[in-house]
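Hello,

Here is the structure for you to look through. My notes on it follow below.

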Amino acid sequence: MAGTLGTDKSLHNSVVFRKRGEELFEEGDWEAASSWFTQAIGQDLNDTTSLRKRAACFFQLKKFPMALADMNHLLSLTPGKHELWHQKATYHYHLTQYPEAKAAHERAIVALDATVKRDDQSHDQRAKYVFATKHVASVYASGTTEQERGDAALRSAGDDTAELSRATWHFHNALRAASQDQNPHEASKVTLQIARIHLKLEDTTKALDSANASVRLWPTLMEAHVLLSEIHMEQREFVKLRSDYENILKLDPEDSHHKEKLSFLIMTSPAGNEMLSGDKLFAEGHYSEALERYNRALDLNWGGAISVDRALLLANRGACYCKLGMWLEART
């Protein structure tokens, strides 16, 4: 009798704990809900509802190994439920365990086919499982690493938002692997790919954040500096753009393309325009007017603006002073 009463109390507690977990689950409080489901399972190890809900909580919390462990236990209790095999496949997929995910999808199809009921809904469900099986197989075949799979998805994505999201997912998996392996160079390259996807999705803020993160991870990654320059050009952030060009030329001093871009940027700045005007006036023999232009250029040539070579400006101004016979000023 005492044993029966104890069992009844445990089952009662399991129901109470599960209901509280379900309330929090509906509110989206996955952490708290999982805690209540854990208490329910502690009272009844075969509480299939709590096991399934806790697995769902773990999935939302990105605790995929724990979600999979619950699902495996659940399937040991109810192996014939096709929905659970499909869910198990999803957990394997997020763990990048693609062969296991494909096998679980196939088990879902077998379990669905074993059901007596045959209607449009089960037909649609089967089609969903078949598609998922083929999708997992194609993902697995698209590369040997998550970075390769992300690259493949990005190449074929075009402007397809769903495919771009899939590529991002693969790259985030690759980024976690690179971080675990303490490989900042690979992490930098993967982060740069994520930045490119954000640009395709027209999210410039996230693209800029990711590109800057790429540079922080590996400062000598040329492609990251180039992408930053493209973003800053689009945003007309010319001071930052100059810094980008200078960083590129530090990495490759012989890069004539970016040399020309930097020169053009400087010469089309306010200080650069005044300097060019001064050079023209000097060549025409209008030394006083040229001197005025060079002084304006020097006034505009401050740290927060796009600046030209200060030493060159001072030399040009000194030449004007000499032409005007202002020898004392020429020495300053």
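**Confidence and findings**

Where pLDDT is low, the predicted coordinates should not be read in detail. Over the protein chain the mean pLDDT is 89, and 93% of the residues reach 70 or more.

This is a predicted model, in which local features need pLDDT of at least 70 and side-chain atom pairs count only at pLDDT 80 or more, while totals for chains, interfaces and linings use all residues. Residues are numbered from 1 along each chain as its sequence is written, and side-chain values use heavy atoms, with hydrogens and water left out.

Ser34 lies in helix H2 (residues 30-43). Helices (H or I, at least four residues) are DSSP runs, numbered from the N terminus. Ser34 counts as buried because its relative accessibility is 5%; the cut-offs are under 20% relative accessible area for buried, over 50% for exposed, and partly exposed in between (1.4 Å probe, protein chains only). Leaving aside residues up to four places away in sequence, Ser34 touches Arg54, Cys57, Phe58 and Leu61.

Next, a pair of helices. The axes of H8 (residues 146-157) and H10 come within 12 Å and cross at roughly 25 degrees. Axes are lines fitted to C-alpha atoms, for helices over the stretch in contact, and angles run from 0 to 180 degrees between N-to-C directions. H8 and H10 are therefore roughly parallel to each other, a label for angles under 35 degrees. From H8, the contact is made by Gln147, Asp151 and Leu154; from H10, by Glu186, Lys189, Val190, Gln193, Ile197 and Lys200. These residues divide into three nonpolar, two polar and four charged. In that count, Ala, Val, Leu, Ile, Met, Phe, Trp, Tyr, Cys and Pro are nonpolar, Asp, Glu, Lys and Arg are charged, and the others, Gly among them, are polar.

Gln182 is not a glycine, yet has a positive phi of about 55 degrees. Gln182 lies in the loop between helix H9 (161-180) and helix H10 (184-200), and is exposed, with a relative accessible area of 70%. Glu202, also not a glycine, has a positive phi of about 60 degrees. The loop that holds Glu202 is between H10 and helix H11 (204-217), and Glu202 is exposed at a relative accessible area of 71%.

Regards

Note on methods:
Helices (H or I, at least four residues) and strands (E, at least two) are DSSP runs, numbered from the N terminus. Angles under 35 degrees count as roughly parallel, over 145 as roughly antiparallel, 65 to 115 as roughly perpendicular and the rest as oblique. Contact means heavy atoms within 4.5 Å. pLDDT is the predictor's confidence in each residue, from 0 to 100.
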